[in-house]
Amino acid sequence: MTEHHGYTPQKDALARRMKRIEGQVRGIGKMIDDDKYCIDILTQISAATAALHAVSINLLEEHIAHCVVDAAATGDDEAARKKVEEASAAISRLIKS
């Protein structure tokens with residue numbers, strides 16, 4: 001049996017979003033190759049970073065709504081605590097990025 005994650009219903013949309021971000025990053029590489037203006041490149045890097053953050057927030061929300069809530073519903077305090085710690089660590093990493 002395949003394990004399903006909170007984002008599974010959105011998997012196709014997330015994959016499409018990541019493909020668009022991948023295209024943005026390739027475009028930034030081309031801008032560098034083409035010696036484009038520094039500020040224009042930085043603007044595109046900022047846009048790509050914002051797009052990645054949006055995907056991250058979406059995944060984090062799904063993790064909390066699905067994985068954390070499901071673990072808490074089992075009544076297994078240790079499993080629930082572990083899922084909360086995972087979410088907290090992910091939030092910490094996102095804040096630092």
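**Helix packing and surface contacts**

Q: Where does Leu42 lie?
A: Leu42 lies in helix 2, which spans residues 38–73. This is a predicted model.

Q: OK, helix packing. At what angle do helix 2 and helix 3 pack?
A: About 170 degrees, and their axes are 9 Å apart. Helix 3 covers residues 77–96.

Q: So parallel or antiparallel?
A: Roughly antiparallel, because the angle is over 145 degrees.

Q: Which residues meet there?
A: From helix 2, they include His53, Ile57, Leu60, Ile64 and Val68. From helix 3, Ala80, Lys83, Val84, Glu86 and Leu94 are among them.

Q: How do the residues of that contact divide?
A: Into 14 nonpolar, three polar and two charged.

Q: Switching topic. How many salt bridges does the structure hold?
A: Six. One of the salt bridges pairs Lys19 with Glu22. Their closest N and O atoms are 3.8 Å apart.

Q: And where do Lys19 and Glu22 lie?
A: Both are in helix 1, residues 11–33. They sit three residues apart, about one turn of the helix.

Terms used
Residues are numbered from 1 along each chain as its sequence is written. This is a predicted model: local features need pLDDT of at least 70, side-chain atom pairs count only at pLDDT 80 or more; totals for chains, interfaces and linings use all residues. Side-chain values use heavy atoms; hydrogens and water are left out. Helices (H or I, at least four residues) and strands (E, at least two) are DSSP runs, numbered from the N terminus. Axes are lines fitted to C-alpha atoms, for helices over the stretch in contact, and angles run from 0 to 180 degrees between N-to-C directions. Angles under 35 degrees count as roughly parallel, over 145 as roughly antiparallel, 65 to 115 as roughly perpendicular and the rest as oblique. Contact means heavy atoms within 4.5 Å. Ala, Val, Leu, Ile, Met, Phe, Trp, Tyr, Cys and Pro count as nonpolar, Asp, Glu, Lys and Arg as charged, and the others, Gly among them, as polar. A salt bridge is a side-chain nitrogen of Lys or Arg within 4 Å of a carboxyl oxygen of Asp or Glu.
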